[in-house]
Amino acid sequence: MSVVGGREIDEVRRRHLVALACEVEARGLAWRFAGPGESLLAVSMPGTGRHLIVLATPSGDGWYYLWPAGGMADVARLTEVADRIRTLLR
């Protein structure tokens, strides 16, 4: 992979994580970027201490969100992903 390609992947990853951050925040969850180059999204339920990490990764022709407990969904299913994460953190 070239440096330019890597930079493009990082930019797309960041856009997907920002979109998810907005959705989880709208559901009362807190978030912050984490990991090398802020490549992960740490999501938490305020007041409970419960948290999880979400990764956005290319797969085939698209992008997917991955999270613990076998969570995986196409980034196009953004609102569903935010709802599922909120349910996991309750």
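Select Arg-13 to begin, and you will find yourself in helix α1 of what is a predicted model. Arg-13 has a relative accessibility of 15%, and because buried means under 20%, Arg-13 counts as buried.

Next, colour the strands: five of them form an open sheet with antiparallel pairing, and their order is β1-β2-β3-β4-β5. At the edges stand β1 (30–34) and β5 (71–74), and since each has a single partner strand, one side of each is left without a neighbour in the sheet. Looking from one strand to the next, the twist averages 25°. Zoom in on β4 and β5, which run antiparallel and are joined by four bridges; here Trp-67 has Gly-71, in β5, as its bridge partner.

Finally, turn to the largest nonpolar core, a set of 22 residues in which Leu-20, Leu-41, Val-43, Val-54, Tyr-65 and Ile-85 have the most contacts inside it. Two or more residues of this core come from each of α1 (3–26), β2 (40–45), β3 (50–59), β4 (62–67) and α2 (78–89), and α2 gives the most, with five residues. Centre the view on Val-54 and, again leaving aside its neighbours within four places in sequence, list its contacts: Leu-17, Leu-20, Leu-40, Leu-41, Val-43, Tyr-65, Leu-66, Trp-67 and Ile-85.

Note on methods. Residues numbered from 1 in each chain as written. Predicted model: local features only at pLDDT ≥ 70, side-chain atom pairs only at ≥ 80, totals over all residues. Heavy atoms only, no water. Core = buried A, V, L, I, M, F, W, Y, C linked by side-chain atoms within 4.5 Å. Buried < 20%, exposed > 50% of the residue type's maximum accessible area, 1.4 Å probe, protein only. Contact = heavy atoms within 4.5 Å. Pairing = 2+ DSSP bridges. Axes fitted to C-alpha atoms, helices over the stretch in contact; angles between N-to-C directions.
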